[in-house]
Structures are given as structure tokens and as C-alpha cells.
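Please look over the sequence and the structure shown here before reading the briefing that follows.

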Amino acid sequence: MADLVEKVLREAAEKESKFKTTEVEKEIDVIIDEGNLLVCDTNPIDFKLQKKNREDYLKDLSRDNTQLLINRIWQLPTHREDEVVVAELPDVKTLIPREKPVPKKRKATKWEEYARMKGINKKKKGRMVFDEQSKEYKPRWGYKRANDDTKDWLIEVPQNADPFEDQFEKRKKKKNERTSKNELQRLRNIARAQKTKVPGVGLTPTIAPSKDHLGKALAIAKKSTASIGKFTETLPKEKPSKFTGKKRKFEPNYGDVKKENTKQLDILSSVLNKTPILDVTHAVNAHEKDENRTGSKRQKTDKKGGKGGKGGKGSKGNKNNSQPKRGKRNKR
């Protein structure tokens, strides 16, 4: 009996030796940032143990620090969500820089703004709907959807409609118009959010098209062929469209060798020639402006000196210092 007890105790001790304790002691307390799940260990490294077995030393060190982080997480307040215990992490202590800026809030679409203004609450519709014909539940949209009106083999002609009009074609056309309108609204919302223009989707329909609108529509219709309007015939007395744009002109790959040689030599001479190009008219105009400025400055200084200076006309010093007037000699 004693041998059996000793054996059981030995097995339990061996089993416990395989698993380390959850209590970890450090000489210097580690810094734990629960918000970022970050642990900073400032304890000195034991180089003797590291040299003996580097891998085991790093594993033990990472295991101990992870155990300290998990112990701290279990001390945080928790709550249950979908049968899972979730810990409430506090605010971060260590500020980590972002690679990219914080994404801006998406701008509301026209429908979202209208719904907010009118107080319309969005209600999520179920995917499955009861089909009256087959008496079973089918998807609301997509393949094998419920109440699919595209598979009707008979359509009642309305009283006000043309009896010879194809109702199937009319229904198909209305559906295509709805899809194209939704796509245009989607592109407008994207362009409005990015503050750009609507991408090129042809011409939007208008009630009263102008002359420019019709000209642009004609130019787009001409270029909608496989040859991009190269072989499209022009109408009689048709003026060239201003919406076609300018076509770039390229020089031929082969041509006059002498002309090409002179062109290349002119480029080379303009690069190597260090003397600046003299614009004679510009230089003459600049010289005339300088002369006018200096002349105006002289006139201003002369006026200032004549009013109150010593060398003016009314000063007494001029009479004393003035030279005598020369008279005429008397004839003998």
C-alpha cells in the first residue's frame, strides 16, 4: 500500500514539474500597458544563461512576461458577449505612431440625409420571402427569387397603352433604365464624397437639351463605333465639332535627313553657346525707363533747392558773388 501511495505521489510530482507556476517574480517590476497588450521588461539579461542555451533562455523569458500580462488581464473587469467572457481593456499608455492617418468619417449620401431629416429608420429586410405561386419560401433577390415577374408568359395590356406595343420589351427597358439610374446615383455619391466630378458615363438625359449638349452627344455617337469614328460619314453641311479635341501631330519616322541634321545642330548650339540671347527692344525700353527715373529725380531735387536753399534765386549771397555784367564797348 505504501509503495502505491509513493508511486502516485511521484507521478503527480513529475506531472507538476512539466507545468510552471502562474506566479512569476522579477527583481524589477515590468511595465505593462494593458490597452496595447504590451510588456516592457527592464531587467538585466543574464549573459551566462544566454550563452549556454540561447533558445531556452529566450523561451523562458517570453513565457514569464506573457504570464504576467495574462495575470493582469484577468484582473480587469469582464462581461459576457455571445457566451464568451470578454475583458474590458483600459486606455493605452504608450502612444504608437500610425502608418497612415486616421480614416475620415464617410460622408452621408443624399438618401441618408433625407432619411435623417424625415426621421426614417432603416429596417433590415429578411432574405427569404413567401412565394404565392409555389407556396414556399424563396430568396427575395437573385437566382430563383420569389414573385419573379420576368418569367411571366402573359402580361395584361393596360387600357391606355398601345395594343401593338411589346409589353415584355417595355418591362425590360424600364428595368435597364432603373439599373442605369442607380449606377449613376452611386457614381454621383462617390464623386460628391471625394469632391470631384462624376466620372465619364456619356451624357445624362436632360429635359431641354441645349445646342452644345446636342453637339456633344453627336460627337460621342460618332466615336462610339469600332473605328472610333474614323469611317463615320459626315452629314451634309455639317460643321466640324468643337468637342472632338485636338489631335496630336507627330513627325514621320523617316524623312528629310538634312532637315533633321540642322534641327539637331541648332539644339546643340543653343546648349553649348554660353552667350545670352540679347533682346534689343527690351534693353532699349529698360534704358529709357532708367533715364526717365533719373530725370524725374533731378527735377525734384532742383525744386527743393530753389525754395529754401542757399543757392536759390532769392538768396543774398548770389548778388555779392555774382559776376559783373559785360557791357558793350563804345566805338571810337
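Two residues are said to be in contact, or to touch, when heavy atoms of theirs lie within 4.5 Å. By that rule, and not counting residues up to four places away in sequence, Gln 67 touches Thr 22 and Val 24. The structure is a predicted model, in which local features need a pLDDT of at least 70 and side-chain atom pairs count only at pLDDT 80 or more, while totals for chains, interfaces and linings use all residues. Residues are numbered from 1 along each chain as its sequence is written, and side-chain values use heavy atoms, with hydrogens and water left out.

**Confidence of the model**

- The predictor's confidence in each residue is given by pLDDT, on a scale from 0 to 100, and the protein chain averages 81, with 86% of the residues scoring at least 70.
- Confidence is highest in strand β2 (residues 38-40), at a mean of 92, and lowest in helix α9 (residues 317-321), at a mean of 46.
- Over residues 309-322 the pLDDT is below 50, and this stretch has eight contacts in the model beyond near neighbours in sequence.
- Where pLDDT is low, the predicted coordinates should not be read in detail.

**The chain as a whole**

- The protein chain contains nine helices and six strands, where helices (H or I, at least four residues) and strands (E, at least two) are DSSP runs numbered from the N terminus.
- A residue is called buried under 20% relative accessible area, exposed over 50% and partly exposed in between, using a 1.4 Å probe and protein chains only; of the 332 residues of the protein chain, 9% count as buried.
- Among contacts between residues at least 6 apart in sequence, 35% join residues at least 24 apart.

- A nonpolar core is a set of buried Ala, Val, Leu, Ile, Met, Phe, Trp, Tyr and Cys residues joined through side-chain atoms within 4.5 Å, and the largest one here is made up of five residues, namely Val 24, Val 30, Ile 32, Leu 68 and Leu 69.
- In soluble globular proteins, nonpolar side chains tend to be buried together.
- Leaving aside its neighbours within four places in sequence, Ile 32 is in contact with Leu 38, Val 39, Leu 68, Leu 69, Arg 72 and Lys 93.
- Gln 67, which is found in helix α3 (residues 54-74), counts as buried because its relative accessible area is 14%.

**Helix α5**

- Helix α5 has 28 residues and reaches 41 Å from its first C-alpha to its last, close to the 40 Å expected at 1.5 Å a residue, the expected span being 1.5 Å times one less than the number of residues.
- The buried residues of α5 are Gln 167, Leu 184, Leu 187 and Ala 191.
- At the start of α5, a side-chain oxygen of Asp 166 reaches to within 3.2 Å of the backbone nitrogen of Phe 168, whereas just after the helix Lys 195 takes a positive phi of about 55°.
- Lys 175 is found in helix α5 and, because its relative accessible area is 38%, it is partly exposed.
- Leaving aside its neighbours within four places in sequence, Lys 175 is in contact with Arg 145 and Thr 150.

**Residues in loops**

- Asp 148 has its place in the loop between β6 (136-139) and α5 (167-194), and it counts as buried because its relative accessibility is 16%.
- The side chain of Asp 148 makes a polar contact with the side chain of Arg 145 at 2.9 Å; a polar contact is a pair of N or O atoms within 3.5 Å, and within protein one must be able to donate a hydrogen and the other to accept it, while residues adjacent in sequence count only if both atoms are side-chain atoms.
- Lys 135 lies in the loop between β5 (128-131) and β6, and it counts as exposed because its relative accessibility is 55%.
- Phi of Lys 135 is near 60°, a positive value in a residue other than glycine, and a polar atom of the Lys 135 side chain lies 3.4 Å from the backbone oxygen of Glu 132.
- Asp 82 is found in the loop between β3 (78-81) and β4 (84-87), where it has a positive phi of about 50° although it is not a glycine.
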